[in-house]
Amino acid sequence: DQLSVNEKKDQSTLIGLSFHHLGLAVKDDQDALRMLGMLGYRMGERCYDPMQNVYVRLCHAMSHPTVEIVQPAEDGKGPLDAILASHNTMIYHTCYETQDLDLTLQSFKHFDLRCIRLSERKPAVLFGGRHVSFYMIAGWGIVELLEVI
């Protein structure tokens, strides 16, 4: 039973979002992998995402948030260029799963969150082709929205 944002005027939270992971941008993943290993994380397989021109890997631990390691491809331009120009490593996005992308974006607008789309929705290799899109939320930072199939 999907309700529109306007039908949830008494709603005080963003609609339909659940935390998924933190995104860690790295120039080189060895130090990050070592630190995550010492924290008890299990490392997923590293894979190349041609749509974003990055290497990605999910790392899971029982008592810690999931971390996605995102590393630029060797051959040039990608979404991490500006971030990694001034930092070797940085947690740069928060990912939330959404049941309904349009409803989530309406919810952002309903709560007067200044939201700028950074990337079009596209299939992500790391998530089995599920669609992702990225947004800059004023006062928060970059948010990745991962659509539930």
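Start by selecting H93 and E68 in this predicted model: their side chains are joined by a polar contact of 3.3 Å.

You're in strand β6, which covers residues 89-98. Is H93 buried or exposed? With a relative accessibility of 1%, H93 counts as buried, because the cut-off for buried is under 20%. To see what surrounds H93, select H21, L22, G23, E68, V70, F134, I142 and E144; H93 touches each of these, leaving aside residues up to four places away in sequence.

Next, head for the surface. L39 is partly exposed, at 41% relative accessible area.

Most residues other than glycine have a negative phi. Select N53, in the loop that runs between β3 (47-49) and β4 (54-61). Its phi is positive, near 60°, and N53 isn't a glycine. N53 is also buried, because its relative accessible area of 13% is under 20%.

Then jump to D112, which you'll find in the loop between α3 (101-110) and β7 (115-123). Here too phi is positive, about 55°, in a residue that is not a glycine. Is D112 buried or exposed? D112 is exposed: its relative accessible area is 68%, and the cut-off is over 50%.

Finally, zoom out and colour by secondary structure. Trace the chain from the N terminus and the elements come in the order β-α-β-β-β-β-α-β-α-β-β-β. The radius of gyration is 16 Å, close to the 15 Å that the globule rule gives for 149 residues, so the protein is as compact as a globular protein of that length. Along the principal axes, the C-alpha atoms fill a box of roughly 50 × 35 × 30 Å.

Of the 149 residues, 42% count as buried. The accessible surface comes to about 8700 Å², with 53% of that belonging to carbon and sulfur atoms. Among contacts between residues at least 6 apart in sequence, 58% join residues at least 24 apart.

Key. Residues numbered from 1 in each chain as written. Predicted model: local features only at pLDDT ≥ 70, side-chain atom pairs only at ≥ 80, totals over all residues. Heavy atoms only, no water. Helix = DSSP H or I, 4+ residues; strand = E, 2+ residues; numbered from the N terminus. Buried < 20%, exposed > 50% of the residue type's maximum accessible area, 1.4 Å probe, protein only. Polar contact = N/O pair within 3.5 Å; in protein donor to acceptor, adjacent residues only side chain to side chain. Contact = heavy atoms within 4.5 Å. Rg over C-alpha atoms; globule rule 2.2 N^0.38 Å. Areas by Shrake-Rupley, 256 points an atom, 1.4 Å probe, with all protein chains shown as cover.
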